[in-house]
Amino acid sequence: MTAGPPAPPVESGIRGRQVAIAFGIVAALIVIYVLSLIAVHLLAKSAPALPAVDLSKVEADDSVVQVRLEKLDTVANRLTVNVLVYPKDSLYDKNFGVLTTDAAVRLYPENDLGDLQYPVGKAPAQVSTTIVAHGDPANWPFDTYKTEVIAADVFTGSGQNREKTAARVEATGKLDGWDATVTRIHDPEDTNSNVQDDVIITLQRSKGPLIFDVGVCLVLIALPVLALWVAIPMALGRTTFLPPFITWYGAMLFAIVPLRNILPGSPPYGSWVDQAIVLWVLIGLVVAMTLFVTAWWRHRERKTPKKT
């Protein structure tokens, strides 16, 4: 009697191959993840913040109005800024750090608060106001906003002794998610053509949020593609009908609005992203769910009513 030949190690070889494939997939995902983080870090660098006001370069007889960026409301086209006046030396007590006379700043174009008041005997404090920033929020995320020419006059004193002097405008600060640039403009009323005391502020979205926008849009597009990829074979009878998939379709359908609302910059409803992506994603998911219900109707278990 002879013993049978030992079974070939087929199963162990297949198992080892599967483990190697699984390990390779995990390693590839880790490498892709790390490379994506590095790419985002390199591409998402925003423009530096606007520099602070350098008073050492300002002459003693000049007044400076600092405009610090605080917030941009894209839908209302309003830019919130904090305004601070640095008066000329003759109007400022350096020992106590207070104004020696009443002062008021008038911004051009008009802001929502009118003349900004700075009382005598107190240190100048930042006053918050809003100015118009022209742009079209429907162009999200490629929308750009630009102010009109921002100029300022400083009014000092009171009554008949009230004086008006032109001030130099300095923009500073940074808005999260926005790159700000300043263009200096010459005041046509100034006889010195070399003086550029007025500014135009331009705001455009940083590259970091744009990369995130693209990622979310790709996720939105992938949802109906996957849903249709599963639903069409079921509707054609080419694969096994699986009833639990209906919960998956419902979850994807209700995930669209939250995904759309986390887009940076909160694009206004009805913008091109809704018309070109969100609406068609919803239509694709509804079509996939309809095909799934059709497949269920064909594979449902038909029961005859019991006779009583």
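What share of the contacts in the chain with a separation of 6 or more comes from residues 24 or more positions apart? Such residues account for 63% of these contacts, a contact being heavy atoms within 4.5 Å. The model is predicted, so that local features need pLDDT of at least 70 and side-chain atom pairs count only at pLDDT 80 or more, while totals for chains, interfaces and linings use all residues. Residues are numbered from 1 along each chain as its sequence is written, and side-chain values use heavy atoms, with hydrogens and water left out.

The chain contains 4 helices and 12 strands, taken as DSSP runs (helices H or I, at least four residues; strands E, at least two) and numbered from the N terminus. Its radius of gyration is 33 Å, whereas a compact globule of 308 residues would have one near 19 Å; the radius is taken over C-alpha atoms, and the globule rule is 2.2 Å times the number of residues to the power 0.38. The C-alpha trace spans about 120 × 65 × 40 Å along its principal axes.

Of the 308 residues, 32% are buried, that is, under 20% relative accessible area (1.4 Å probe, protein chains only). The largest nonpolar core has 30 residues; a core is a set of buried Ala, Val, Leu, Ile, Met, Phe, Trp, Tyr and Cys residues joined through side-chain atoms within 4.5 Å. Val65, Leu69, Leu79, Val105 and Leu203 touch the most other members. Apart from this core lies another, of 22 residues, among them Cys217, Val230, Met234 and Phe292. Not counting residues up to four places away in sequence, Leu203 touches residues including Leu72, Tyr145 and Trp178.

Methods. Buried means under 20% relative accessible area, exposed over 50%, partly exposed in between (1.4 Å probe, protein chains only).
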